[in-house]
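Q: I would like to learn how to read ring pairs and strand pairing in a protein model. Could we go through them in turn?

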Amino acid sequence: MKLAPLLKVSTTLLAVFAAAWGSTAQAKTLTAAIGMGPKNSSVVAYESFADYVAAHTDLKIKVYPMSLLSMKETPQGIRDGLADLGFVVPVYFPAEYKESNLVANLSMLSTSGTKVKSPGAALAGAMTEYIFNCAECMEEYRSQGQVYLGSVSSNGYDVLCTKPISTIDDLKGAKMRSPGGNYSRWAESLGAIGVSMPAGDTYEALSQGVIDCHMGSVSDLTNNSLVDVTKYVTFGVPGGAFAGVATSNFNVGVWQDLTEQERAVILRGAARMQAEMTLGYYDLAMKDAADAPAAGIEIVEASAELVDATDAFVKADLAVIASHFAEDYGVDNVDAKIAEMVRLVEKWKGLTAVLSGDREGLEQVYWDEIFSRLDPATFGVE
């Protein structure tokens with residue numbers, strides 16, 4: 001019996017199995033937590049991000065919408081390794097993320113002054129560029145066991161009401177659900193009443209007359225089913241958007257264990273996901289705005305006086321925000337930081353002015369201006 005050929009075959013098979021086993025062993029599956037329902041446009045963008053990473057690396061990303069961690073559990077869950085990455089909402093934790101929350105509170109800059117078709121696209125770019133270049137912001141995330149990888153923005157905020165709001169007089173005494181302190185201050189400066197409540201309670205509050213209006217994107221007609229209880233939409237006021245999020249923060253240890261090539265792909269994918277998420281909100285807002293009349297919702301035009309009063313409020317409120325973050329949270333150099341965010345918002349309005357609805361164009365400008373300037377060999381590692 002000739003053993004040499006058999007040994008040769010066996011050795012070859014072992015080599016094949018070893019190579020296959022090595023390939024399998026090297027493949028990693030990461031868990032991503034996003035505390036939204038599976039049909040939310042942000043979850044759709046996360047799934048697309050996972051597909052992109054899988055197509056360009058051996059990494060797999062399993063997306064868990066709502067099921068793994070809630071929004072409020074996600075930062076600690078990433079820190080403690082319950083998820084490898086996830087959608088973090090710093091505004092839920094004002095003390096822990098005071099530096100990035102400072103600029104999140106400046107969101108009304110996106111719709112005051114220079115008017116653009118997609119304020120969310122500009123705001124997402126400005127927020128992301130600011131935070132990547134803010135040492136204190138980056139250290140906040142690092143201290144929470146996370147590596148920051150960009151922000152996303154909703155579309156501009158409007159008022160969805162059960163009565164028409166067109167003038168300052170129309171606002172007198174109106175009870176308005178507020179998404180934050182600056183929105184409550186806007187309402188109260190014009191004679192309305194700001195009401196704080198979770199977004200999930202808005203439907204019932206509008207239907208029962210507890211509030212007259214909801215301040216939020218027109219896309220809430222779909223996202224929060226407000227189409228059934230909204231009778232009027234006034235576009236352009238109060239303005240602003242919601243950009244106080246970190247879309248795909250990684251656990252520090254997980255990020256550092258990735259190869260340089262894997263980190264490079266993820267950075268490009270993060271620019272791609274930022275564009276997809278932001279335009280997902282924009283596209284839904286455009287669709288809901290177009291469909292509103294057929295649903296029996298009347299579109300109301302804000303008076304020039306109301307628009308001018310809103311712009312004046314935004315400028316005056318910068319001092320209030322500065323004082324709040326300096327005195328209550330101990331943020332240093334607030335005036336300089338606010339001035340930088342003002343500059344960046346205007347810069348990004350110019351960069352994104354012709355990119356509303358253009359995912360590839362928006363991805364490219366996010367990549368060129370921000371993400372391509374991060375070195376995957378050192379970013380989040382040193």
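The dialogue below takes up aromatic rings, then charges over rings, then strands.

A: This is a predicted model, in which local features need pLDDT of at least 70 and side-chain atom pairs count only at pLDDT 80 or more, while totals for chains, interfaces and linings use all residues. Residues are numbered from 1 along each chain as its sequence is written, and side-chain values use heavy atoms, with hydrogens and water left out.

Q: How many aromatic pairs does a search of the whole structure find?

A: A pair of aromatic rings is described by the distance of the centres and the angle of the planes. Rings of Phe, Tyr and Trp (its six-membered ring) pair if their centres lie within 6.5 Å; planes under 30 degrees apart are stacked, over 60 edge-to-face, the rest tilted. The search finds 12 aromatic pairs. The ring centres of Tyr46 and Phe49 are 6.1 Å apart with planes at 85°, so this pair is edge-to-face.

Q: Are Tyr46 and Phe49 buried or exposed?

A: Buried means under 20% relative accessible area, exposed over 50%, partly exposed in between (1.4 Å probe, protein chains only). Both Tyr46 and Phe49 are buried.

Q: Where does the charged end of Lys72 sit?

A: A charge sits over a ring if NZ of Lys or CZ of Arg is within 6 Å of the ring centre and within 35 degrees of the ring normal. The charged end of Lys72 is over the ring of Tyr92, 5.4 Å from its centre. For Lys62, the ring is that of Tyr64, at 5.8 Å.

Q: In which sense do strand 3 and strand 10 pair?

A: Helices (H or I, at least four residues) and strands (E, at least two) are DSSP runs, numbered from the N terminus. Two strands pair if DSSP finds at least two bridges between them. Strand 3 (residues 85-88) pairs with strand 10 in the antiparallel sense over three bridges, and Gly86 stands opposite Asn249.
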